[in-house]
Amino acid sequence: MRRNSRSALLAAALVAALAAGPLAVPAFAASAAPVSGAPSSSAPSSSAPSSSAPSSVRATTGPDAEALAAALAGLPDQDATAAQIRVGGDGRWLGTAGVRDLRTGAPALENGRFRAGSVTKVVTASIVLQLAAEGRIDLDGTVQQYLPGLLTEDFDPITVRQLLNYTSGLRPGASLGDTVEAGYPHRFETLTPRQVVAASVARGPAYAPGTRQSYGNIHYTVLGMLIEKVTGDAYAHQAAVRVFRPLGMRHTSFPDGADPRIHGPHNRGYDRIDGTLVDVTDWNMSDRWAAGDMISTTADLERLLVGLFRGRVVPEPQLKEMFTLPDVPRARYAAALERMELNGKVIWGKTGSRPGYAAAIAATRDLSRTVVYAVNATNAKDDGLPIAQRFGFPAFNR
């Protein structure tokens, strides 16, 4: 993330860069929408409240409202055009800043839809663990058992649990571009899950299953295929009936096949390509599928976060899989969720990013503090840590 002291210089450079080309949008000339943030004493629930009006009250308990407001101050800037933050637990804080569209300068929507990226994996893991609770999947059962013929004889048995916790040994699959720059010319093309997996299989195993952890989409693409095989139903429909509808996630969905659009109200996404800020909102994400194709809102993701941690999505003992790291060196991930420590607190969560969009859900295990953010980041596919440090970490300051 670039330092604020360089903002003026970078803004001037952007003005020059954005002046040319039909894909260019105006530089950050539009007035930034005011930060709308307010503390509240309400606790999180599966039905998230609507955004509060701006307030100058300085809370002495609950989330660090001052730090959260500072994170949103100045948007749009060189790092993001808009952001939405939703904090809950022992006290609540809601904030939105930036613009909906750089061309018009319209203020950012407080509950606009966005691409949630790899937060999708939490939904996929939840479905698999539900099926395990129903006795339809054995977590110690293998890919070779459930999806015969998918892997070659080069692969040792890979268990469902190893897919869930990223220890399968599968290599990355096919991609239409490993960077935004490389993928942009192919943004309306399609890669099927089977094509993605076939490319991974052709490369052979990276390591023996269960010996290392390597985060990647391929594990969850295979899990999506497993869900469809076991249920005889489309993955997206299973997500809707098992997770979205029971939790009241009315604004969460998957694109219809290769549809590149975000339907419903949303803040547009932008990313830098060859020095120019380009509108990347419309993009066919079907190659990410069960690993990263979900579209949602911060209110809906809070419903997912709270419902999941309270055991309303995945029953015990299967829920323990989401909070148990595998016994491999330097493990950070359980089933979908990542474990981290902030200010002495153990936090479990999941980040996600797609061109123009970065998102995250995170909470303490007892839900004493939760955070969901959606950021229209101008370099979303780069290292996500600076985004998390700015828009997510302040929620856990106290």
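Which residue in β6 stands opposite I273?

First, some ground rules. This is a predicted model, where local features need pLDDT of at least 70 and side-chain atom pairs count only at pLDDT 80 or more, while totals for chains, interfaces and linings use all residues. Residues are numbered from 1 along each chain as its sequence is written, and side-chain values use heavy atoms, with hydrogens and water left out.

Now, confidence. pLDDT is the predictor's confidence in each residue, from 0 to 100. The chain averages 88, and 85% of the residues score at least 70. Residues 1-34 stay under 50, and residues 40-60 are also below 50. The model gives residues 1-34 60 contacts beyond four places in sequence, a contact being heavy atoms within 4.5 Å. Where pLDDT is low, the predicted coordinates should not be read in detail.

Next, the overall picture. The chain has twelve helices and eleven strands; these are DSSP runs, helices being H or I of at least four residues and strands E of at least two, numbered from the N terminus. Of the 398 residues, 57% are buried, meaning under 20% relative accessible area with a 1.4 Å probe, counting protein chains only. Among contacts with a separation of 6 or more, 70% join residues 24 or more positions apart.

Back to my opening question: T276 is the residue opposite I273. Strands β5 (residues 270-273) and β6 (residues 276-279) pair in the antiparallel sense over four bridges; pairing requires at least two bridges found by DSSP. The two strands form a hairpin with two residues between them, and D274 in the turn has a positive phi of about 55°. Thanks, everyone!

Methods
Buried < 20%, exposed > 50% of the residue type's maximum accessible area, 1.4 Å probe, protein only.
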